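Colleague: Hi! Could you walk me through this one? I'm still new to reading structures.

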Amino acid sequence: MSGKSLLLKVILLGDGGVGKSSLMNRYVTNKFDSQAFHTIGVEFLNRDLEVDGRFVTLQIWDTAGQERFKSLRTPFYRGADCCLLTFSVDDRQSFENLSNWQKEFVYYADVKDPERFPFVVLGNKIDKLERQVSTEEAQAWCMENGNYPYLETSAKDDTNVAVAFEEAVRQVLAVEEQLEHCMLGHTIDLQSSSKSGSSCC
Ligand SMILES: Nc1nc2c(ncn2[C@@H]2O[C@H](COP(=O)(O)OP(=O)(O)OP(=O)(O)O)[C@@H](O)[C@H]2O)c(=O)[nH]1
Ligand SMILES: [Mg+2]
């Protein structure tokens, strides 16, 4: 692994009002606005961080969750290295829509291998007392839909926000390492003209 900084694009998707902009702003500027406006289209912010000895510039793309802005957000999905599927634990509908967000992303990002693409699921607003989605239910959805990591966050209280973005980086690095391993396997395979190279790709 080299020590040079890696630029990673992560994209926040989820229903309008679940707290995507609040999570991004909490992470990058450490601010929270209790009366945030809906996003129109997309916005992005960068933050440098170090994860497991790797220096990364995280480019966080925050999208508009409202249906009427669909055509403004989907052109920005391509090239994303990780997708953060976000819902609010006090809004059941936002949880039920996770599958639609996942499908929309796979389609417009033109993901070739959805099984291996790094998704991370965030249940936001855990500071709220009245939940409509339990931790167990959300974990079960993640297990069934691709064994995705699940994190519960609060942009308001700054709970697990940094952890969530770091997890996104870890997921991308894990896929990258797997690919490097595969490519190395093929190189050895070609040089030795043997058929015993890596079979993971
Ligand atoms: N209590 C609480 N409120 C939150 C939290 N995160 C966001 N909010 C509030 O929820 C509302 C919507 O948050 P946004 O960050 O604008 O939601 P969004 O997902 O970006 O919405 P769109 O831009 O329409 O897609 C705002 O009033 C926020 O202050 C949280 O963790 N806890
Ligand atoms: Mg927003």
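Colleague: Let's start with Ser21 and Thr39: are they buried or exposed?

Modeller: Both Ser21 and Thr39 are buried. Keep in mind that this is a predicted model.

Colleague: Okay! And which protein donors does the magnesium ion (ligand 2) have?

Modeller: Those two residues again: Ser21 gives its OG atom and Thr39 its OG1 atom, and they lie 2.0 Å from the magnesium ion. Ser21 belongs to helix H1 (residues 20-29), while Thr39 sits in the loop between H1 and strand E2 (42-51), so the pair ties together parts that are 18 residues apart in sequence.

Colleague: Switching topic: what is the volume of the largest pocket?

Modeller: The largest pocket has a volume of about 450 Å³. Its lining is made of 25 residues, and Gly17, Gly19, Ser22, Ala36 and Lys125 lie nearest the centre.

Colleague: Which element gives the most to that lining?

Modeller: Helix H1 does, with three residues. H1 and strand E3 (54-63) each supply at least two residues of the lining.

Colleague: What classes of residue line the largest pocket?

Modeller: There are six nonpolar, 12 polar and seven charged residues in that lining.

Colleague: How much space lies in the second largest pocket?

Modeller: About 340 Å³. That second pocket is lined by 14 residues, of which Arg116, Phe117, Pro118, Val175 and Leu179 lie nearest its centre. By class, its lining has eight nonpolar and six charged residues, with no polar ones.

Colleague: Last topic, confidence. What is the mean pLDDT of the chain?

Modeller: The mean is 91, and 89% of the residues reach 70 or more. Over residues 192-201, though, the pLDDT is below 50, and this stretch has 14 contacts in the model beyond near neighbours in sequence.

Colleague: And what are the ipTM and pTM scores?

Modeller: The model scores an ipTM of 0.99 and a pTM of 0.90.

Technical notes:
Residues are numbered from 1 along each chain as its sequence is written. Chains are lettered from A and ligands numbered from 1 in the order in which they are written. This is a predicted model: local features need pLDDT of at least 70, side-chain atom pairs count only at pLDDT 80 or more; totals for chains, interfaces and linings use all residues. Side-chain values use heavy atoms; hydrogens and water are left out. Donors are N, O and S atoms within 2.8 Å of the metal (3.2 Å for Na, K and Ca); water is not among the atoms, so sites may look incomplete. Helices (H or I, at least four residues) and strands (E, at least two) are DSSP runs, numbered from the N terminus. Buried means under 20% relative accessible area, exposed over 50%, partly exposed in between (1.4 Å probe, protein chains only). On a 1 Å grid over the protein atoms alone, a cavity is a set of points where a 1.4 Å probe fits but cannot get out, and a pocket is an open set with protein on both sides within 12 Å along at least five of seven lines; lining residues have an atom within 4 Å of a point. Grid points are joined across faces, edges and corners, and a volume is the space filled by probe spheres set on the points. Ala, Val, Leu, Ile, Met, Phe, Trp, Tyr, Cys and Pro count as nonpolar, Asp, Glu, Lys and Arg as charged, and the others, Gly among them, as polar. pLDDT is the predictor's confidence in each residue, from 0 to 100. Contact means heavy atoms within 4.5 Å.
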